[in-house]
Amino acid sequence: MTINSDWGEWWIREEINGADVDGVSLWFLGVAGWAIRTPETAVYIDPYFSTERDREYIARMPPVPMEPQWADACDAVFCTHDHRDHFWPPSFGPLLDHGGSIHAPAECYENHDVSEIADDQQEIVEPGDSYEIGDLTIHVRDGRDPDADGSVTYVLEHEEGTIFHGGDNRPCEAFHEIGAEFDIDMGMLSYGTSGRIRMDGEIERRKLYNDAQDVVEAANALEIDRLVPEHWRRWRSIQADPGALSAAATTFEYPRIIEEIEVGDRLRLGQPGIVPPTYLEDE
């Protein structure tokens, strides 16, 4: 499978590969994917760069910002669950050429062809596991995704702060436990809506991802100070309005900041707001 970037090589050259990083920087790759860098470490979470349609009516809406073989560093890849827009070997395989491993629930390996991934680079994760990757500590925790065969969440700790990545998980008791265990500075939650989709030849209406009330419930269970909604532009005709989250959260303690982002945006853990593109620094 050939992956073709909509932007060519300039973005990853100037941003992920070329940026000076102090603390923790995060680049949004679209869907629920992130590239995360510190001065010592580079990890990817749920990277998905495909434009291929596994079903006729499905089309990727956000652009493909890079091709994975262009990354000049990757110490590890973490995937939350078995859906192909979160775990897809052609997307993360080239990232492993730098020597890191793919970390994912067992169901990911069972439901996808990983024959081209070296056995010693396949790491099965379970809630309660922790990994030291450079100057990051990544904790695996439980979640609840009723549409996935196996799903986890991740908590990333750095001296600058703590990040939660929820994948497509929805509010559950595990979120309260995570919120009590960690002081979460920034958290990503998938935000979506209900839609009419074709399943096994039949049209059905079903709930997909967290709606606005779910996101607010999850953010308060996790006690997320700075919320970054993701996934809300993934599918054609199933797109949510992130502006509705501010209204839904009005009377709640969390989140304290909601940041609406686009593909390619860079965030810094230590400060709110989108970081201006690196290629504008000299202008």
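Tyr-154 has a relative accessibility of 0% and therefore counts as buried, as does everything under the 20% cut-off. In this predicted model, Tyr-154 sits in strand β9, which covers residues 153–158, and β9 is one of the 7 strands of an open sheet. The points below begin with the aromatic pairs, move on to the sheet, and end with a helix, a loop and a pocket.

**Aromatic rings**

- The structure holds 9 aromatic pairs, and one of them is formed by Phe-78 and Tyr-154, whose ring centres are 5.3 Å apart and whose planes stand at 70°, so that the pair is edge-to-face.
- This pair links distant parts of the chain, since Phe-78 belongs to strand β4 (residues 76–78) and Tyr-154 to strand β9, 76 residues apart.
- Phe-78, with a relative accessibility of 1%, counts as buried, and Tyr-154, at 0%, also counts as buried.
- Another edge-to-face pair is made by Phe-87 and Tyr-109, with 5.7 Å from centre to centre and 80° between the planes.
- Phe-87 lies in the loop between β4 and α2 (89–92), whereas Tyr-109 lies in helix α3 (residues 106–111), so this pair ties together parts that are 22 residues apart in sequence.
- Both Phe-87 and Tyr-109 are buried.
- A pair of aromatic rings is described by two quantities, the distance of the centres and the angle of the planes.
- Elsewhere, Trp-7, Trp-10 and Trp-11 form one aromatic cluster.

**A histidine in the loop between β4 and α2**

- His-86 is placed in the loop between β4 and α2, and with a relative accessibility of 0% this histidine counts as buried.
- The side chain of His-86 is joined to the side chain of Asp-168 by a polar contact of 3.0 Å.

**The open sheet**

- The 7 strands of the sheet follow the order β7-β8-β9-β10-β11-β14-β15, and their pairing is mixed.
- The edges are taken by β7 (130–133) and β15, and because each has a single partner strand, one side of each is left without a neighbour in the sheet.
- Strands β9 and β10 pair in the antiparallel sense over 5 bridges, and together they form a hairpin with 2 residues between them.
- Strand β10 (residues 161–165) and strand β11 (residues 186–190) run parallel and are joined by 3 bridges.
- Phe-164 of β10 can be followed to both sides, for Val-155 stands opposite this residue, while in β11 its bridge partner is Gly-187.

**Strand β10 in detail**

- In a regular strand the side chains alternate between the two faces of the sheet.
- In β10, Gly-161, Ile-163 and His-165 point one way and Thr-162 and Phe-164 the other way, and all of them are buried.
- Strand β10 is accordingly described as mostly covered, with 5 of its 5 residues buried.

**Helix α5 and its ends**

- Helix α5, which runs over residues 212–222, is mostly covered, for 8 of its 11 residues are buried.
- Among the buried residues of α5 are the alanines Ala-212, Ala-218, Ala-219 and Ala-221, and the list also includes Asp-214, Val-215, Val-216 and Leu-222.
- At the N-terminal end, Asp-211 caps the helix, with a side-chain oxygen that lies 3.2 Å from the backbone nitrogen of Gln-213.
- Just after α5, the residue Glu-223 takes a positive phi of about 60°.

**A buried isoleucine in a loop**

- Ile-261 is found in the loop between β15 (257–258) and β16 (266–268), and at 2% relative accessibility Ile-261 counts as buried.
- The C-alpha atoms of Ile-261 and Gly-273 are separated by 9.4 Å, and these two residues are 12 residues apart along the chain.

**The second largest pocket**

- The second largest pocket has a volume of about 200 Å³, and of the 10 residues that line it, the closest to its centre are Pro-89, Pro-90, Asp-113, Glu-116 and Ile-117.
- The lining of the second largest pocket divides into 6 nonpolar, 2 polar and 2 charged residues.

Note on methods
Residues are numbered from 1 along each chain as its sequence is written. Side-chain values use heavy atoms; hydrogens and water are left out. Buried means under 20% relative accessible area, exposed over 50%, partly exposed in between (1.4 Å probe, protein chains only). Helices (H or I, at least four residues) and strands (E, at least two) are DSSP runs, numbered from the N terminus. A polar contact is a pair of N or O atoms within 3.5 Å; within protein, one must be able to donate a hydrogen and the other to accept it, and residues adjacent in sequence count only if both atoms are side-chain atoms. On a 1 Å grid over the protein atoms alone, a cavity is a set of points where a 1.4 Å probe fits but cannot get out, and a pocket is an open set with protein on both sides within 12 Å along at least five of seven lines; lining residues have an atom within 4 Å of a point. Grid points are joined across faces, edges and corners, and a volume is the space filled by probe spheres set on the points. Ala, Val, Leu, Ile, Met, Phe, Trp, Tyr, Cys and Pro count as nonpolar, Asp, Glu, Lys and Arg as charged, and the others, Gly among them, as polar. Two strands pair if DSSP finds at least two bridges between them. Rings of Phe, Tyr and Trp (its six-membered ring) pair if their centres lie within 6.5 Å; planes under 30 degrees apart count as stacked, over 60 as edge-to-face and the rest as tilted.
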